[in-house]
Amino acid sequence: MPRTEAVEVTEAAGAAGGTGVVAVGAETPVPPAAASPRRPRPRPRRAAAALWTLPPIAALALVFLYPLALVVWQSVSPEDGGHSTAPYAAVFAEASFREALTNTVLLAAGATAGALLLGLALSLVIAFVPFPGGRALSRFIDLFLAFPSFLITLALLFLYGSAGLANGLWTDVTGAAHGPLDFLHTPWGVLLAEVTYFTPFVMRPLLAAFSQVETGQLEAAASLGARPWRIVRTVILPEALPSLAAGGALVLVLCLNEFGIVLFTGAKDVVTLPMLVYTKALLDGDYTGACVVAVVNIALSVTLYALYRTVMSRTGGAPAFRTGGAHRAGA
């Protein structure tokens, strides 16, 4: 039976019998549910969005990109005119540049290794060895990060300089003309100052990682007879390894660009890339050569910074012990 005829039969049956019963096989159209109309959210136009991005881009270009472009442009602009890579060849052929590059890499690597070892040892003590003042010392590390580098160098000069406290105490006791300590003007003095200053940069991420280590894991390992060094090696270090790598990468980048420590120690025989830029630009008047050295230093720093960001991204996804209800180590 067609649909219209079924409806008519149904209506007729309801009118005749008054029962309102619908005949079998009848098809009654069901009205669709009324959908509430949703008005699309207004989207900002692309032109308006682009206008909002212009001020920060212009400020970035004016403050950072433009001076950087001037340095790169000057590095390929010889004093006799024109543009070529001859200044790079001339600087790379200098023995002073090769010595400065070697000193920079060796000091940065040595300071990073020293900061990693010292920072790891101090962080383990602060986080897992309870002693009075441990929490205050942890807070002091955050304050130490704000100190300028030359302040640490001056403190070391007061302690270990030729007229410092240690040499003064030696001369007072022995009656000697001068003390035995005279190393701050050498590469070892620069290395000591950099390790002292940059160790907290390693400790801060390590303490944050150690605070996520649950003490229940340590207690379980100790109850099974594991010695402290084995607990550190098998339980603590795997948790803190990403943070240790991130802190080391950051210290390596900072050491490559460190200028104040080398300058304030007065180590005249220790020439690094930042010191060579200073010497060429202000003392020798060789601005093109200074820009070449600066570009090399920037390239090294950007490469290591990219490594640092990679390590930090992996650190953010580092697994953590998540046993519910357990206490964590204090840091």
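I take a helix here to be a DSSP run of H or I of at least four residues, numbered from the N terminus, and with that in hand I looked up which helix gives the most to the lining of the largest pocket: α8 does, with five residues. I note at the outset that this is a predicted model.

Pocket. I find about 250 Å³ of space in the largest pocket. I count 14 lining residues, and those closest to the centre are Leu122, Thr196, Thr199, Pro200 and Met203. Two or more residues of the lining come from each of α4, α5 and α8.

Core. I then turned to the largest nonpolar core, which has 45 residues, with Val190, Tyr197, Phe198, Leu206, Phe210 and Val251 making the most contacts inside it. I see at least two of its residues supplied by each of α4 (95-128), α5 (134-144), α6 (149-160), α8 (187-210), α9 (215-223), α10 (228-256) and α11 (260-265). Helix α8 holds the largest share of this core, 13 residues. I also noted another core apart from it, of ten residues, including Phe97, Leu276, Val295 and Val296.

Surface. I looked next for nonpolar side chains on the outside, and found a patch formed by Val125, Val129, Phe131, Leu137, Phe140 and Leu143, with about 470 Å² of accessible area together. Its largest share, three residues, comes from α5.

Conventions:
Residues are numbered from 1 along each chain as its sequence is written. This is a predicted model: local features need pLDDT of at least 70, side-chain atom pairs count only at pLDDT 80 or more; totals for chains, interfaces and linings use all residues. Side-chain values use heavy atoms; hydrogens and water are left out. A nonpolar core is a set of buried Ala, Val, Leu, Ile, Met, Phe, Trp, Tyr and Cys residues joined through side-chain atoms within 4.5 Å. Buried means under 20% relative accessible area, exposed over 50%, partly exposed in between (1.4 Å probe, protein chains only). Patches are made of residues with over 30% relative accessible area and no salt bridge: like charges are joined within 9 Å, nonpolar side chains (Val, Leu, Ile, Met, Phe, Trp, Tyr) within 5 Å. Accessible areas come from the Shrake-Rupley method with a 1.4 Å probe; for residues, only the protein chains shown count as cover. A salt bridge is a side-chain nitrogen of Lys or Arg within 4 Å of a carboxyl oxygen of Asp or Glu. On a 1 Å grid over the protein atoms alone, a cavity is a set of points where a 1.4 Å probe fits but cannot get out, and a pocket is an open set with protein on both sides within 12 Å along at least five of seven lines; lining residues have an atom within 4 Å of a point. Grid points are joined across faces, edges and corners, and a volume is the space filled by probe spheres set on the points.
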